[in-house]
2 protein chains.
Amino acid sequence: MKWVYIEDIYQYAGQEVEIRGWVYNKRSSGKVRFLLIRDGTGIIQGTIFSENKDFPLFQLFDGLTQESSLIVRGLVRTDKRAPGGYELEIKELEVIQIAEDYPITPKEHSVAFLMEHRHLWLRSQKQHAVLQVRAETVRAIRDFFNDRSFRLMDTPILTPNACEGTTTLFETSYFDQKAYLSQSGQLYNEATAAAFGKVYCFGPTFRAEKSKTRRHLIEFWMVEPEVAFATLQDIIELGQDLIMFILERVLERRRADLEILERETAPLERISKPFPQVTYDQAVKLLQERGSPLAYGDDFGAPEETKLSEIFDQPVCVTHFPAKIKAFYMQPDKDRPDLALGVDFLASEGFGEIIGGGQRIHDLNLLEQRIKEFNLPAEAFKWYTDLRRYGTFPHSGFGLGLERTVAWLCKLAHIRETIPFPRLLYRIYP
Amino acid sequence: MKWVYIEDIYQYAGQEVEIRGWVYNKRSSGKVRFLLIRDGTGIIQGTIFSENKDFPLFQLFDGLTQESSLIVRGLVRTDKRAPGGYELEIKELEVIQIAEDYPITPKEHSVAFLMEHRHLWLRSQKQHAVLQVRAETVRAIRDFFNDRSFRLMDTPILTPNACEGTTTLFETSYFDQKAYLSQSGQLYNEATAAAFGKVYCFGPTFRAEKSKTRRHLIEFWMVEPEVAFATLQDIIELGQDLIMFILERVLERRRADLEILERETAPLERISKPFPQVTYDQAVKLLQERGSPLAYGDDFGAPEETKLSEIFDQPVCVTHFPAKIKAFYMQPDKDRPDLALGVDFLASEGFGEIIGGGQRIHDLNLLEQRIKEFNLPAEAFKWYTDLRRYGTFPHSGFGLGLERTVAWLCKLAHIRETIPFPRLLYRIYP
């Protein structure tokens with residue numbers, strides 16, 4: 001008999017099939033036993049019917065505990081009353097293992113307990129839905145860039161220099177020297193952009209930050225496009241297109257998961273291009289008018305990001321930050337060199353920054369001056385400044401944080417559920 | 001005027017366009033100047049014609065050095081004699097930067113020199129071609145698994161335990177404890193497979209091996225599928241399908257790159273399913289008959305892998321290895337428990353192992369016994385053994401090394417060229 005997945009069951013109505021999976025739930029009603037079986041791709045209701053209360057399948061059924069593993073064989077029937085529209089009339093039931101008392105029950109568990117059992121918690125319906133949205137988001141991102149002929153250029157995780165200070169870097173010993181875990185592939189993207197025109201990297205990045213907020217992970221994934229000859233405005237366009245593409249894809253393909261998460265989709269559905277765009281100066285004014293204690297020159301924190309996203313009810317692009325609160329490589333504005341041609345995208349509904357990017361300095365002298373001003377080791381940046389020696393080119397790019405995007409799409413209170421095995425302050429198990 | 005990419009130039013025959021890029025080469029012939037321009041997506045020949053030897057564009061042309069950055073505007077014309085079939089009649093030429101003497105010239109350079117200038121070497125035609133094949137291979141792999149409804153489940157890089165000994169692990173301090181960089185996502189895949197049925201992870205992995213061979217990278221990418229309820233034979237099928245899919249995709253879409261690399265495609269084109277499959281016992285016999293000094297029970301080294309791939313002229317699947325040379329989690333053969341239900345795929349043409357995988361132990365007692373035998377810390381494996389407590393399930397999976405696969409597809413003498421910024425013994429710059 002053919003082993004099939006529950007997500008494909010609609011193709012087998014009227015046929016006998018085999019399903020391999022786990023007990024999700026069960027109940028009895030008179031002469032019928034109902035067995036909810038999950039196989040990772042879906043959940044199907046299996047039924048066992050008999051006039052005889054000593055029916056052998058009933059005895060097997062009685063012994064089944066939550067998450068017991070089994071193989072069932074039977075007839076697929078369309079049934080409007082069944083969850084999903086199909087049910088399986090079970091003819092054979094083969095138990096692989098009767099599970100021990102499953103630790104995760106419908107009662108409330110503490111976050112610490114669930115995190116300690118993350119390897120099992122993943123089987124729960126909501127966690128399952130979040131990670132489906134994550135997988136779809138990754139696929140959408142890659143499709144977006146591949147379809148636009150961006151070349152995927154994986155950048156290294158092990159990097160030789162503590163480019164922007166060591167306080168938030170993980171350090172390891174690399175044979176005879178020290179190495180650090182990458183916080184961004186951007187500098188390397190700038191080299192590959194000169195070779196391939198438009199590139200992206202998409203991999204894990206690391207911040208050894210001692211912060212415990214609902215927006216921070218120690219290890220998270222980031223997609224970073226970089227485009228040769230692109231300006232700040234070009235990549236603002238690109239970022240908007242990317243976000244619209246992700247939104248449309250997830251709303252199209254993962255609506256059922258969003259429903260499981262009770263995520264109201266209207267606020268996502270009303271998002272459209274172009275996103276409101278304000279300068280840092282304008283944003284500060286808007287915030288101060290609304291009573292924010294923010295001083296001009298300060299970077300935004302979570303309260304300011306939340307406030308701004310409330311004002312616009314759309315993702316917002318904030319540009320032209322004071323150069324001194326931004327990275328050394330940011331191109332200054334031509335008319336206001338104290339401002340950097342950077343952009344932050346703030347997600348709607350208070351979810352804060354999901355994209356940070358901008359135009360990079362392409363003038364060799366200016367870049368070398370900045371490296372000095374920031375007390376960075378010139379030798380370590382030799383290869384990076386080379387890119388300004390041999391055919392320098394204006395270029396821009398950004399980084400989009402995957403987990404923050406997923407948290408926003410799913411409207412989750414905490415980012416920790418957006419990755420299979422979150423790494424948090426003091427949390428590295430399982 | 002519209003800025004276009006060279007790879008799209010065929011859409012603009014007869015139109016005026018703008019191209020932004022770098023000088024690849026130039027030459028003069030009477031009243032014509034030929035300028036080869038690359039923009040990362042292709043190379044196009046630009047022409048400047050004038051009866052007047054003091055023509056201003058000629059003066060600009062004369063000053064151009066290799067890799068100088070520029071913007072050119074002109075008319076796209078079909079021309080069979082031009083490389084690519086199109087040329088650009090240049091009407092305007094705007095120099096962004098005259099490049100300093102470019103360090104990489106057509107003369108021979110040492111490998112050390114090229115590696116030191118990897119950030120520039122990437123612009124060379126052959127390196128460009130290899131990385132195009134890499135990007136296509138990644139895309140093929142992801143398409144393969146996505147189209148078969150495998151769920152992408154990113155596994156963590158930072159892991160708490162030195163599961164298989166610390167000698168080849170990179171260690172870092174994770175707040176109040178130690179952490180290690182992942183060598184494989186497999187154990188985590190086994191947890192997500194229970195939640196999603198069929199999963200894969202695809203990310204960087206790390207081996208702090210003090211080996212300097214043409215097959216080893218310190219940091220490399222690996223794709224690892226894991227399938228609940230699958231047997232060894234099921235995943236041998238899956239691995240064959242994956243390799244055939246990659247081969248067909250790369251031969252279809254990147255033939256021009258393979259030509260640049262002078263990669264003879266016939267040996268790849270004659271590969272077909274099913275691949276020859278031999279047991280370890282049979283393989284040892286074949287090797288010994290051909291004079292190999294290998295003793296029964298030894299693991300294969302590069303010479304044995306090369307020899308086996310020569311015998312078959314196809315990728316070969318070797319199965320049923322002695323359990324003691326394989327990992328602790330390998331399912332033993334039912335009839336010969338001294339043998340493990342593992343499989344190695346050896347690429348053709350002497351390229352050695354590209355896939356390693358097998359069936360995992362699903363019996364709790366046996367797994368706990370193995371953990372003891374291998375002197376592994378039981379507490380650290382608590383979550384992993386939990387997977388055998390709560391609905392255990394037979395399951396199998398494998399890992400395919402991306403860079404080894406690309407080296408094989410491109411027939412490269414050394415794996416270092418298959419990743420943008422290779423990490424090798426004592427090499428972590430740039």
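In this predicted model, 105 residues of chain A are in contact with 105 residues of chain B. About 8500 Å² is buried between the two chains. Carbon and sulfur atoms give 62% of that area. Three residues stand out on the chain A side. A:F175, A:F229 and A:Y390 supply 10% of the area that chain A buries against chain B, more than any other three residues.

Charged pairs also link the chains. The structure holds 84 salt bridges over all chains, and six are counted between chain A and chain B. One of these joins A:D154 to B:R134, with the closest N and O atoms 2.7 Å apart. Another joins B:D154 to A:R134, and here the closest N and O atoms are 2.7 Å apart. This second pair crosses between chains. B:D154 lies in the loop between strand 7 (151-152) and strand 8 of chain B, while A:R134 belongs to helix 4 (residues 125-147) of chain A.

Chain A contains an open sheet of eight strands. Their order is 6-10-11-16-15-14-13-12, and the pairing is mixed. Strands of a sheet pair through backbone hydrogen bonds, either parallel or antiparallel. Strand 6 (151-152) and strand 12 (277-279) of chain A stand at the edges. Each has a single partner strand, so one side of each is left without a neighbour in the sheet. The partner of strand 6 of chain A is strand 10 (residues 198-206) of chain A; the two pair in the parallel sense over two bridges. Within this pairing, A:L152 stands opposite A:Y200.

Helix 10 (residues 302-312) of chain A touches strand 12, strand 13 (316-322), strand 14 (339-347) and strand 15 (352-360) of chain A. The direction of helix 10 makes about 135 degrees with that of strand 13 of chain A. Helix 13 (residues 402-410) of chain A touches strands 10, 11 (219-228), 14, 15 and 16 (395-401) of chain A. The direction of helix 13 makes about 55 degrees with that of strand 16 of chain A.

Further pairings in chain A involve strand 9 (residues 177-181). Strand 7 (residues 158-159) of chain A pairs with strand 9 of chain A in the antiparallel sense over two bridges. In strand 9 of chain A, A:L181 is the bridge partner of A:L158. Strand 8 (residues 171-174) of chain A also runs antiparallel to strand 9 of chain A, and four bridges join them. One bridge links A:T172 with A:A179 in strand 9 of chain A. Strands 8 and 9 of chain A form a hairpin with two residues between them. In the turn, A:F175 has a positive phi of about 55 degrees. A:F175 is also one of the three residues named above for their share of the buried area.

Chain B has an open sheet of three strands in the order 8-10-9, with antiparallel pairing. Strand 8 (158-159) and strand 9 (171-174) of chain B are the edge strands. Each has a single partner strand, so one side of each lacks a neighbour in the sheet. Strand 8 of chain B pairs with strand 10 (residues 177-181) of chain B over two bridges. In strand 10 of chain B, B:L181 is the bridge partner of B:L158.

Helices also meet in chain B. The axes of helix 11 (residues 364-373) and helix 12 (residues 382-389) of chain B come within 9 Å and cross at roughly 160 degrees. That makes helix 11 of chain B roughly antiparallel to helix 12 of chain B. From helix 11 of chain B, B:L364, B:L367, B:E368 and B:I371 meet B:Y384, B:T385, B:R388 and B:R389 of helix 12 of chain B. By class, this contact has four nonpolar, one polar and three charged residues.

Technical notes
Residues are numbered from 1 along each chain as its sequence is written. Chains are lettered from A and ligands numbered from 1 in the order in which they are written. This is a predicted model: local features need pLDDT of at least 70, side-chain atom pairs count only at pLDDT 80 or more; totals for chains, interfaces and linings use all residues. Side-chain values use heavy atoms; hydrogens and water are left out. Axes are lines fitted to C-alpha atoms, for helices over the stretch in contact, and angles run from 0 to 180 degrees between N-to-C directions. Angles under 35 degrees count as roughly parallel, over 145 as roughly antiparallel, 65 to 115 as roughly perpendicular and the rest as oblique. Contact means heavy atoms within 4.5 Å. Ala, Val, Leu, Ile, Met, Phe, Trp, Tyr, Cys and Pro count as nonpolar, Asp, Glu, Lys and Arg as charged, and the others, Gly among them, as polar. Two strands pair if DSSP finds at least two bridges between them. Buried area is the accessible area (1.4 Å probe) that two parts lose on being put together, summed over both. A salt bridge is a side-chain nitrogen of Lys or Arg within 4 Å of a carboxyl oxygen of Asp or Glu.
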